[in-house]
Amino acid sequence: MQELRDKYITAIADAADEAALENLRVTAVGKKGEISLKMRELGKMTPEERQVAGPALNALKDEINSALSAKKAALADAALEERLRSEWLDVTLPARDMRRGSIHPISQVTEEVSAIFADMGFSVAEGPQIDSDWYVFDALNIPGHHPARAEMDTFYMNRAEGDNRPPHILRTHTSPVQIRSMEAQGAPIRIIAPGRVYRADYDQTHTPMFHQVEGLAIDKDISMANLKWCLEEFVKAFFEVDHVELRFRASHFPFTEPSAEVDIQCSWEGGVLKVGEGDDWLEILGSGMVHPKVLQNSGVDPEVYQGFAFGVGIDRIAMLKYGIPDLRAFFDSDLRWLRHYGFASLDQPTLHGGLSR
Ligand code: PHE
């Protein structure tokens, strides 16, 4: 028995891999293994012999089994060690060639917009891209039958049968972040919320996923005049011009009252767009005074607080500022396009350092 033990324990210790280990398991404790066969002989022994040999064989079987699993674990550890050693990578090394990557115009413009509004005391808020229809519609005073739900070509998430939670959708605008931010922070509040939005639409000026930035300013005495000033400052800073006329056109959004769409003054000489001169107009955003029901739905008292909100299409102002003709190219991941329209990866847009140098 001692011989048997030494033979297997040494072999197990020397096994080079899992296959060798499995072989040993079969020859020692497998159904027809050496030790199993010995156990069968117990039946032919006298009761006295059996009383000694039985427990000894069982103990040997246990010892070999635990040696097998200990060795198996050791082999797995060694394999992991080896992988970690061979796949080792120093992520703290400086990049070797920064010219290869570039910042996408959408990211660049998002950073530019954030820098401008940060300077006016707005902080950046975020919300989920998949949201409930309460946040995307109802809380924003867009009830179930309202045509805006159909107009926005909403993408609905599939629901498993018997799932009774409220329908979840891909948000069609960034306005739900108004609700979420007021719920979380209350008033007064001053935020912008850039991010992805989705509508089922596809042509030269529409893609099913695009980007907006929401603005929201709520306090005790915020008026349309503050909205107008903020937007003028924003447009001048963003398009990097000293002067620009804005045109406020009366409009309708269920979540603002009154509502206005805002156009910027521009010219199209020789097919080149110039913002801040000429007598053409380009629509760039929707805005208005936040509807009392929206404040109420967010837990803010409309008797005490009021303010403005706006929503700008990021892709659209990126196209205008950087002369990009086709919206769809933004999302083609064409390397030549990215090299042409992309921005140096280490240049952070700031108001003092220049937004788009
Ligand atoms: N959410 C509106 C849209 O997507 C834009 C908007 C935002 C209008 C805030 C008014 C106030 O068209």
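Which residues form one aromatic cluster with F117 and F122? In this predicted model, in which local features need pLDDT of at least 70, side-chain atom pairs count only at pLDDT 80 or more, and totals for chains, interfaces and linings use all residues, the cluster is formed by F117, F122, F234, F238, F239, F308 and F310. Residues are numbered from 1 along each chain as its sequence is written, and side-chain values use heavy atoms, with hydrogens and water left out.

Rings of Phe, Tyr and Trp (its six-membered ring) pair if their centres lie within 6.5 Å, and planes under 30 degrees apart count as stacked, over 60 as edge-to-face and the rest as tilted; the count by this rule is 11 aromatic pairs. The ring centres of F117 and F122 are 5.2 Å apart and their planes stand at 75°, so this pair is edge-to-face. Both F117 and F122 are buried (under 20% relative accessible area, with exposed over 50% and partly exposed in between, for a 1.4 Å probe and protein chains only).

Charges also sit over rings (NZ of Lys or CZ of Arg within 6 Å of the ring centre and within 35 degrees of the ring normal): the charged end of R180 is placed over the ring of Y135, 3.9 Å from its centre, and that of R328 over the ring of Y202, 5.7 Å from its centre.

In the ligand site, a nitrogen atom of the ligand lies 3.0 Å from an N or O atom in the side chain of H173, while an oxygen atom of the ligand lies 3.0 Å from an N or O atom in the side chain of Q212. Taken alone, the ligand exposes 330 Å², of which the protein buries 91% (accessible areas by the Shrake-Rupley method with a 1.4 Å probe; for residues, only the protein chains shown count as cover).

Methods. A polar contact is a pair of N or O atoms within 3.5 Å; within protein, one must be able to donate a hydrogen and the other to accept it, and residues adjacent in sequence count only if both atoms are side-chain atoms.
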